[in-house]
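Please keep the sequence and the structure in view while reading.

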Amino acid sequence: MVPAMKPVDDDGLITLEQVKAAVPTNLRAGITQDYVDKLNAITTDEVMRDHIQRNFVSYTGILKEGKFKTEDYLCAVAFVSFKLMGMTDKDAYIKTFPDRYLSLVQGGANDKTLSSYVSIYKKGKLVNLILEQTITPSWVLNHHMFQEALNTHERLAAA
């Protein structure tokens, strides 16, 4: 069962207990306050942080599907969350890995090189497993069209 996402503290921050309750049992021992602090510090924007925290909890089933590090999972959730907020791949990468990006730029990486790093990350297994979880089936997105088609068919059949 996914824990309630109403944070226990007044700052809108997810707690150690909530994160431990969300991850698979075999990974709970590795969840520390430092890890939770990283999750809470991904962004200072409260709406974005809440979105990322909810996604973090929602997609934890992916951790059961492979041997992923919780640190890598946190980064992948952040990247996908930024993408879902309408950011470009590059902007989502920069938000997810600000230190890595700065290091690349300071090291003289050009736009082509930066784009390669972004592309490689975006195509990674963990990122794609999380992206798959975000896809809404077309029959859900288009349920209103199905109903309209039934109504049209009913009218034509009655005529």
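A salt bridge joins the side chains of K90 and D111, with N and O 3.5 Å apart; the term denotes a side-chain nitrogen of Lys or Arg within 4 Å of a carboxyl oxygen of Asp or Glu. The model is a predicted one, in which local features need pLDDT of at least 70 and side-chain atom pairs count only at pLDDT 80 or more, whereas totals for chains, interfaces and linings use all residues. Residues are numbered from 1 along each chain as its sequence is written, and side-chain values use heavy atoms, with hydrogens and water left out.

Because K90 belongs to helix 5 and D111 to helix 7, their pair ties together parts that are 21 residues apart in sequence. Helices here are DSSP runs (H or I, at least four residues), numbered from the N terminus. D111 is exposed, with a relative accessible area of 53%, while K90 is partly exposed at 31%. These words follow the relative accessible area, with buried meaning under 20%, exposed over 50% and partly exposed in between (1.4 Å probe, protein chains only).

A salt bridge also connects K122 with D89, whose closest N and O atoms are 3.0 Å apart. Since K122 lies in helix 7 (residues 111–122) and D89 in helix 5, this pair ties together parts that are 33 residues apart in sequence. K122 is partly exposed, at 32% relative accessibility. Helix 7 contains S119 as well, and this serine is partly exposed, with a relative accessible area of 29%. Its C-alpha atom is separated by 9.5 Å from that of Y93, 26 residues apart along the chain.

In total, the structure holds six salt bridges. One of them is formed by the side chains of E71 and K38, at 3.4 Å from N to O. It links distant parts of the chain, as E71 is in helix 4 and K38 in helix 2 (residues 33–40), 33 residues apart. Both residues are partly exposed: E71 has a relative accessible area of 31%, and K38 has one of 36%.

Which charged residue is buried yet has no salt bridge? The residue is R49, and its nearest side chain of opposite charge, E46, is 4.8 Å away. For such labels, Lys and Arg count as positive and Asp and Glu as negative, with His and the chain ends not counted. Side chains of opposite charge can pair when their charged atoms come close. R49 is placed in helix 3 (residues 46–58). Leaving aside residues up to four places away in sequence, R49 touches D11, G12, L13, N40, T43 and T44, where contact means heavy atoms within 4.5 Å.

The largest pocket holds about 260 Å³ of space. Of the 13 residues that line this pocket, C75, K95, T96, F97 and P98 are the closest to its centre. Helix 4 (70–84), helix 5 (89–96) and helix 6 (98–106) each supply at least two residues of the lining, and helix 4 gives the largest share, four residues. By type, the lining residues comprise seven nonpolar, one polar and five charged. A pocket is an open set of points on a 1 Å grid over the protein atoms alone where a 1.4 Å probe fits, with protein on both sides within 12 Å along at least five of seven lines; lining residues have an atom within 4 Å of a point.

Notes
Points joined across faces, edges and corners; volume = space filled by probe spheres on them. Nonpolar A, V, L, I, M, F, W, Y, C, P; charged D, E, K, R; others polar.
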